[in-house]
Amino acid sequence: MRTLTRPVPLTALVLAGALVAWIITVQRMRGMDAGPGTDLGGLGWYVGIWVTMMAAMMLPSAAPMVLLYARVSGERARRRQAQVVPTWIFVAGYLVAWTVYGLLAYGIYRAVISAGTDWLAWERSGRYVAGGALLLAGVYELTPLKDVCLRHCRSPLHFLLHDWREGRVGAFRMGLEHGAFCIGCCWGLMLALFALGVMSLFWMAVVAAVIFVEKLAPQGERLVRFFALALIALGIWVASAPASVPGLVQPDSHGADLARMRMMGTKPGQAPMQMQPQPTMKMR
């Protein structure tokens, strides 16, 4: 247990977990990017891949907080002020917070599907909805709430010193609370990922890189405005000329059809399937 409170082994463990999550995500999601409105699949499959995605994307930027928690927890145990609590409980609480966010997004997706999505056809209003989501994500980057949550993520010592909770339940709750701040910091960027194609490994890597820079780069907080302008510009680009956006799969393209076939377990070399024309953003 003491080994896992030391910086080097714990850092290696967290980064190894993120690497494994990336490997699993690439294996499971390769070739499944059908662009904006990609079908999220069944709830069980979605939750599994979402948690894996969050571990891959968020653990590297959350590593300093995990290390700081382990250090404070270990120091309190050495002083006999509290019992040793495994750090993984804190990490579990953090991932549960992101799982709740993912379930909320899934619920909204299913509600939209149930209400009918003809108006979301890519050639009608779909690209404008995707562009609007990117604009919203960009505007949120400039809000005071974003600043507060980002400051917490970049400098969490105040949280640990003033909101410390003892025991396993306390560690889990602290992980949840830190996860809530992280969601407050990054939910707009995750919205951008949904707008660009939640199954896209390319956009997933881009969003993960932005989150990492904002939270850990020496001048990361100053780059927020640059990222905000980039998201706003990208939103306008997607709405006006989506076919020219690098890395963006058009939902009505042949590549998107192949991605949907892979998600349904059909290989390109097999007999063609009778696929019903989709008047929507290919969300079904």
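Select V47 to begin. V47 sits in helix α2. Helices here (H or I, at least four residues) and strands (E, at least two) are DSSP runs, numbered from the N terminus. This is a predicted model: local features need pLDDT of at least 70, side-chain atom pairs count only at pLDDT 80 or more, and totals for chains, interfaces and linings use all residues. Residues are numbered from 1 along each chain as its sequence is written, and side-chain values use heavy atoms, with hydrogens and water left out.

Is V47 buried, exposed or partly exposed? V47 counts as partly exposed because its relative accessibility is 25%. Buried means under 20% relative accessible area, exposed means over 50%, and partly exposed lies in between (1.4 Å probe, protein chains only).

V47 touches both, not counting residues up to four places away in sequence. Contact means heavy atoms within 4.5 Å. V47 and T99 are 52 residues apart along the chain, yet their C-alpha atoms are separated by 7.3 Å.

**The whole chain**

Zoom out and colour by secondary structure. The chain has 10 helices and zero strands. Of its 284 residues, 47% are buried. Look at contacts between residues at least 6 apart in sequence: 80% of them join residues at least 24 apart.

**The core**

Next, select M53, M54, M57, M58, W98, M190 and V238. In the largest nonpolar core, which has 76 residues, these touch the most other members. Helix α2 (residues 43-78) gives the most to this core, with 17 residues. A nonpolar core is a set of buried Ala, Val, Leu, Ile, Met, Phe, Trp, Tyr and Cys residues joined through side-chain atoms within 4.5 Å. In soluble globular proteins, nonpolar side chains tend to be buried together.

Stay on M57. Which residues does M57 touch, not counting residues up to four places away in sequence? They are W22, M190, L193, M204, V207 and A208.

**Aromatic rings**

Show the aromatic side chains. The structure holds 12 aromatic pairs. Take W98 and Y101: their ring centres are 5.3 Å apart and their planes are at 75°, so this pair is edge-to-face. Rings of Phe, Tyr and Trp (its six-membered ring) pair if their centres lie within 6.5 Å; planes under 30 degrees apart count as stacked, over 60 as edge-to-face and the rest as tilted.

W98 and Y101 both lie in helix α3 (residues 87-115), three residues apart, about one turn of the helix. W98 is buried at 0% relative accessible area. Y101 is buried too, at 14%.

Move to F159 and F181. Their ring centres are 6.5 Å apart and their planes are at 65°, so this pair is also edge-to-face. F159 is in helix α6 (residues 157-162) and F181 is in helix α7 (residues 167-196), so the pair ties together parts that are 22 residues apart in sequence. F159 is buried, with a relative accessible area of 5%. F181 counts as partly exposed, at 31% relative accessibility.

Then select Y46, W50, W98, Y101, Y106, Y109 and F194. Ring pairs link these into a cluster.

**Helix against helix**

Show α4 (residues 122-140) with α7. Their axes come within 8 Å and cross at roughly 160°. Axes are lines fitted to C-alpha atoms, for helices over the stretch in contact, and angles run from 0 to 180 degrees between N-to-C directions. The two helices are therefore roughly antiparallel to each other. Angles under 35 degrees count as roughly parallel, over 145 as roughly antiparallel, 65 to 115 as roughly perpendicular and the rest as oblique.

Highlight the meeting residues. Those in α4 include A130, A133 and L134, and those in α7 include G184, C185 and W187. The buried residues of α4 pack against α5 (144-154), α7 and α9 (224-240).

α5 and α7 pack at an angle of about 125°, with their axes 8 Å apart. That makes α5 oblique to α7. Among the residues that meet here are K146 and L150 in α5, and C185 and L189 in α7.

**Last stop**

Finish at E214, in helix α8 (residues 201-216). E214 counts as buried, at 0% relative accessibility. Leaving aside neighbours within four places in sequence, its contacts include E141, K146, R154, C185 and F227.
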